[in-house]
Amino acid sequence: MKKDELMKHYEEVKDRADCIVLMIHMPGGETETITNPRVADKIAYVDKTYDDDLVHANCKNIYIEDVIFCLKDDTYDFGTAIGFLKDGMKVARRGWNGKGMFLYLSNGGIVPKEQFRALDMVDGTNAVKNGESVEYAPHIDMKSADGTVVIGWLASQTDMLAEDWEIVE
């Protein structure tokens, strides 16, 4: 693909593009995948930083191998939706009844013990020593229709097999 082909394709889809996915060849030979919902900004960056052959101006060993535009009317399977979550995007099922519901990835972190009083007793023993913080692992959370957040959302069988996942703002 050449830059002029990419720009032509962008012009055709820009009004419907939710995100852009770039597969970039890196100097070590690996391919880095970048997903960005700010399509116009990323296209402007590519236009400024890459030559006509989509080779990076500062390093000939960095070049764009492929580009995918995710369109507003596109839907995806659960595995693809998980990939979008890992790239920092929010996803929802088109078939969900609640308006404003979506999933997002929580990267985990450290929380003071006093905010996790429920962890004081696990199987009759103290799970956390006094004054310690609690480290929690990355997980998927859901913003529900009533505005509350479900921490540690679990997918149903129907959700995992569905192919109506979409990217949301």
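Here is a short walk through a predicted model, from its sheet to its aromatic rings.

Let's begin with the sheet. Strands of a sheet pair through backbone hydrogen bonds, in either a parallel or an antiparallel way. Here, three strands form an open sheet in the order β2-β1-β3, and the pairing is antiparallel. Strands β2 (31-36) and β3 (63-71) are the edges, each pairing on one side only. From one strand to the next, the twist averages 15°. Helix α1 (residues 3-13) packs on this sheet, where it touches β1 and β3. The direction of α1 makes about 10° with that of β3.

Now look at how β1 and β2 are joined. Strand β1 covers residues 17-25, and six bridges connect it to the antiparallel β2. For H25, the bridge partner in β2 is T31.

Next come the aromatic side chains. A pair of aromatic rings is described by the distance of the centres and the angle of the planes. Searching the whole structure gives eight aromatic pairs. In one of them, Y45 and Y50 have ring centres 6.5 Å apart and planes at 75°, so this pair is edge-to-face. Y45 is partly exposed, at 34% relative accessibility, whereas Y50 is buried, with a relative accessible area of 6%.

The rings of F102 and Y104 have centres 6.1 Å apart and planes at 55°, so this pair counts as tilted. F102 is buried at 15% relative accessible area, while Y104 is partly exposed at 24% relative accessibility.

Finally, find F78, W96, W153 and W165 in the viewer: ring pairs link these residues into a cluster.

Note on methods: Residues numbered from 1 in each chain as written. Predicted model: local features only at pLDDT ≥ 70, side-chain atom pairs only at ≥ 80, totals over all residues. Heavy atoms only, no water. Pairing = 2+ DSSP bridges. Helix = DSSP H or I, 4+ residues; strand = E, 2+ residues; numbered from the N terminus. Axes fitted to C-alpha atoms, helices over the stretch in contact; angles between N-to-C directions. Contact = heavy atoms within 4.5 Å. Phe/Tyr/Trp six-rings, centres within 6.5 Å; stacked < 30°, edge-to-face > 60°. Buried < 20%, exposed > 50% of the residue type's maximum accessible area, 1.4 Å probe, protein only.
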